[in-house]
Amino acid sequence: MTIHPLLPAHLTGTAHALPFVDAATRRRLLWLLRTPYARCIAVRAGDAVVAVAGALVLPPLGHVLVVAAADPAAWHHALDAIRTVLLDNGCTTVEATAAADAVAPWHTNDFADLQELLCLAGGVAKAAQSDAVVPLEPRHHFGLLHLDRQVNAPGRLPLLLEHDYLAQVLERAGAVRGVLFPLLGEGLIMAADASSGLELQRWLLPVQAHVVLPAANTVAVEHLQELGYHVRSRAQRLVWGPLPILRPELVFAWPWC
């Protein structure tokens, strides 16, 4: 097997060009191919592409968003290749998210469980009610960075600013207490306190009928369950390398599941 750059033509040809890539994965790969801080690779066996992988390069953190393959051997080859790409681009920690029943191959490749994620759906959200929620503006960037550094390793600013359309902040006494990026993955909400985080959820849930949360944020999970939401699916956040910052009590929506 050999490693090559993934090309748009691999994804935009006939529907059967890469039968192991479903429609949602195809869309994510096309976004990654157009993102300057992302890398995508293809694994070839002869002339055939047998696996693909894509990741965000945000040193010191790399986030693998796609690994898809025609068979297990090709899958492991693709994961090893994209991890090498991330290391070569300055990442010391590699993260990924997998469905709860699909973590075994990641463990085989030395990824460790980091955090359980729950996707909650099916309830009725309360109406947004705070006039402290305003559109994100450049004057909020310092507060946004301060909050993000409490939740995530530094380096994520390019990703956040790419998705700042329709982003909102909850501002009290001139301080940013929470931020919402509704167009980043499944939505990202970070908040310094529970009341700010729960209020920003009310602005996200009319846009989409579900929210992904760290299971360890029991305040947010229990609040949604009181509103009739139930756990639709479970996923596992995984890590290879030094552990990233982990502050689940500050996360009220997570973009990857």
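Predicted model: local features only at pLDDT ≥ 70, side-chain atom pairs only at ≥ 80, totals over all residues.
Local features are given at pLDDT of at least 70, side-chain atom pairs at pLDDT 80 or more, and totals for chains, interfaces and linings use all residues. Numbering starts from 1 along each chain as its sequence is written, and side-chain values use heavy atoms, with hydrogens and water left out.

**View 1. A78 in helix α3.** A78 sits in helix α3, residues 72-88. Helices (H or I, at least four residues) and strands (E, at least two) are DSSP runs, numbered from the N terminus. A78 is buried, with a relative accessible area of 0%. Buried means under 20% relative accessible area, exposed over 50%, and partly exposed in between (1.4 Å probe, protein chains only). Leaving aside residues up to four places away in sequence, A78 touches I41, V43, A51, V52, A53 and V67. A contact here means heavy atoms within 4.5 Å. P19 is 59 residues from A78 in sequence and 16 Å away in space, C-alpha to C-alpha.

View 2. An open sheet of 5 strands runs in the order β7-β8-β9-β10-β13, with antiparallel pairing. Two strands pair if DSSP finds at least two bridges between them. β7 (133-135) and β13 (251-253) are the edge strands; each has a single partner, so one side of each lacks a neighbour in the sheet. From one strand to the next, the twist averages 25°. Strands β8 (residues 168-172) and β9 (residues 175-181) run antiparallel and are joined by 5 bridges. In β9, L180 is the bridge partner of Q168. Helix α5 (residues 141-151) lies across β9, β10 (188-191) and β13, at about 70° to β9. Axes are lines fitted to C-alpha atoms, for helices over the stretch in contact; angles run from 0 to 180 degrees between N-to-C directions.

**View 3. E186 in the loop between β9 and β10.** E186 lies in this loop. E186 is buried but has no salt bridge. A salt bridge needs a side-chain nitrogen of Lys or Arg within 4 Å of a carboxyl oxygen of Asp or Glu. The nearest side chain of opposite charge, R28, is 5.0 Å away. For charge, Lys and Arg count as positive and Asp and Glu as negative; His and the chain ends are not counted. Beyond residues up to four places away in sequence, E186 touches L204, Q208, H210, V212, W254, P255 and C257.

**View 4. S195 in helix α7.** S195 belongs to helix α7, residues 194-204. S195 is partly exposed, with a relative accessible area of 44%. The side chains of S195 and D193 are joined by a polar contact of 2.6 Å. A polar contact is a pair of N or O atoms within 3.5 Å; within protein, one must be able to donate a hydrogen and the other to accept it, and residues adjacent in sequence count only if both atoms are side-chain atoms.
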